[in-house]
Amino acid sequence: MEYTRLGGPEGPRVSTLCLGTLPFGTRIDEATAFAVLDRFHEAGGTFIDTANTYAFWEPGATGAESELVIGRWLRSRGVRDEMVLATKVGALPDPPGSAWPECAEGLSAPVLRRQVEESLRNLGTDRIDLYYAHIDDRRTPVAETMGAFGELEDSGKIVRAGCSNFAAWRIEESRGAAVAAGVPDYAAVQQRYTYLRPRPGAEFGVNPHASEELLDYLGTRPELTFTAYTTQLTGAYTDPGKEVPEQYRHEGSERRLKALAEVAAQLGVTANQVVLAWALGGELPVLPVIGASSVAQLDETLGAVGLRLDAELRKRLDDVD
């Protein structure tokens, strides 16, 4: 495994692959989830990503399932202090079963104070290392949200805050509010990002693909760690049984998939591994949130660790329109 610092040189040390756990406890049973977590830990993985919403949309689920599985795994293995835990707040339907995202709980101070306690209980820990604002909340002033995050940091309940699915201007507005209030600003930004580019006008709802504006902004803010989800397109790069998501279906994607296949064949690796190496080794560092529904899938992904794309191969991938 390889490692970096979260939120700048003074931040916590994390593995450069983060294990996403969205289906744990719902579509992935606990035994399989434990096996994947065990293998990730054995490989040197230290960074785990979840949310207080995973996965409320599954039949009979509440959103606490993934956090609860992780909490039971941490207790059973005794490895809490070896792991960096990220979870999220702000997107859970309130009340349960209401329209989403219209009735998402939001990022008000009372919500943050209440939900951090729920996540701490679910995870069986006394602190959350990275607490993300899950989706933007335009109803709550950013000063209130950043003040509440600062309060949670002061109390030791969280180590750092981050934001997910925010526009660049909203991140800057939030960070400005933090500076004005004298509280820590965001340490990380999480967004959808992968090698394929969305077709113009593609709609992602509240989970947008990282825009060129956001990527440009992050390139000027090295103190903000960029964590990317859906980098592997939920398996579509390597699993012939999975279609490329509709938002990425256009002629440019066909050319990019061809270039990707050629580079993978030349290196003797999988397309997934090339995509992860492309993300990890770019001019803008990207920390991928990987998914795995089995140990075998995780092992394939772990094969990207240490894989380097030389300048010629990267140019072949990047120059495809």
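**Entry 1**

I started with Thr-234, which sits in the loop between strand E9 (225–229) and helix H7 (251–267). The model is a predicted one, and I read phi of Thr-234 as near 50 degrees, a positive value in a residue other than glycine. Most residues other than glycine have a negative phi.

Asn-165 belongs to the loop between strand E7 (158–164) and helix H5 (168–181). Asn-165 is buried, with a relative accessible area of 7%.

I looked up the cis peptide bonds next. One joins Asp-94 and Pro-95, with omega about 0 degrees. Another runs from Trp-100 to Pro-101, with omega near 10 degrees. I placed Pro-95 in the loop between strand E5 (84–89) and helix H3 (109–123), and Pro-101 in the loop between E5 and H3. Most peptide bonds are trans.

**Entry 2: the barrel**

I traced the sheet. Eight strands close into a barrel in the order E3-E4-E5-E6-E7-E8-E9-E10, with parallel pairing. The twist from one strand to the next averages 30 degrees. I checked E8 and E9, which pair in the parallel sense over five bridges. Ala-188 has Thr-225 as its bridge partner in E9. Helix H4 (residues 142–154) packs on the sheet and touches E5, strand E6 (128–133) and E7; the direction of H4 makes about 155 degrees with that of E7.

**Entry 3: helix H6**

I asked which residues of helix H6 (residues 212–219) are buried. They are Leu-214, Leu-215, Tyr-217 and Leu-218. These cover an arc of only 160 degrees around the axis, so they lie on the same side of H6. An α-helix has 3.6 residues a turn, so residues three or four places apart point the same way. On the face of H6 turned away from the buried side I noted the exposed residues Glu-212, Glu-213, Asp-216 and Gly-219. The cover over the buried residues of H6 includes H5, strand E8 (188–192) and E9.

**Entry 4: nonpolar cores**

The largest nonpolar core has 84 residues, and those with the most contacts inside it are Phe-149, Tyr-186, Tyr-195 and Leu-317. Helix H8 (residues 271–280) gives the most to this core, with seven residues. Apart from it I found another core of twelve residues, among them Val-14, Leu-130, Ala-188 and Tyr-229. I listed the neighbours of Leu-317, leaving out residues up to four places away in sequence; they include Tyr-195, Arg-256, Leu-260 and Trp-278.

**Entry 5: aromatic pairs**

My search of the whole structure gave nine aromatic pairs. Phe-149 and Tyr-186 form an edge-to-face pair, 6.0 Å centre to centre with 75 degrees between the planes. Phe-149 lies in helix H4 and Tyr-186 in the loop between H5 and E8, so the pair ties together parts 37 residues apart in sequence. Phe-149 is buried at 0% relative accessibility, and Tyr-186 is buried at 1%.

Tyr-193 and Trp-278 form a stacked pair, 5.6 Å centre to centre with 25 degrees between the planes. Tyr-193 lies in the loop between E8 and H6 and Trp-278 in helix H8, so this pair ties together parts 85 residues apart in sequence. I noted Tyr-193 as buried at 14% relative accessibility and Trp-278 as buried at 8%.

Last, I noted a cluster in which ring pairs link Tyr-131, Phe-149, Phe-166 and Tyr-186.

Key:
Residues numbered from 1 in each chain as written. Predicted model: local features only at pLDDT ≥ 70, side-chain atom pairs only at ≥ 80, totals over all residues. Heavy atoms only, no water. Helix = DSSP H or I, 4+ residues; strand = E, 2+ residues; numbered from the N terminus. Buried < 20%, exposed > 50% of the residue type's maximum accessible area, 1.4 Å probe, protein only. Arc of directions from axis to C-beta. Contact = heavy atoms within 4.5 Å. Core = buried A, V, L, I, M, F, W, Y, C linked by side-chain atoms within 4.5 Å. Pairing = 2+ DSSP bridges. Axes fitted to C-alpha atoms, helices over the stretch in contact; angles between N-to-C directions. Phe/Tyr/Trp six-rings, centres within 6.5 Å; stacked < 30°, edge-to-face > 60°.
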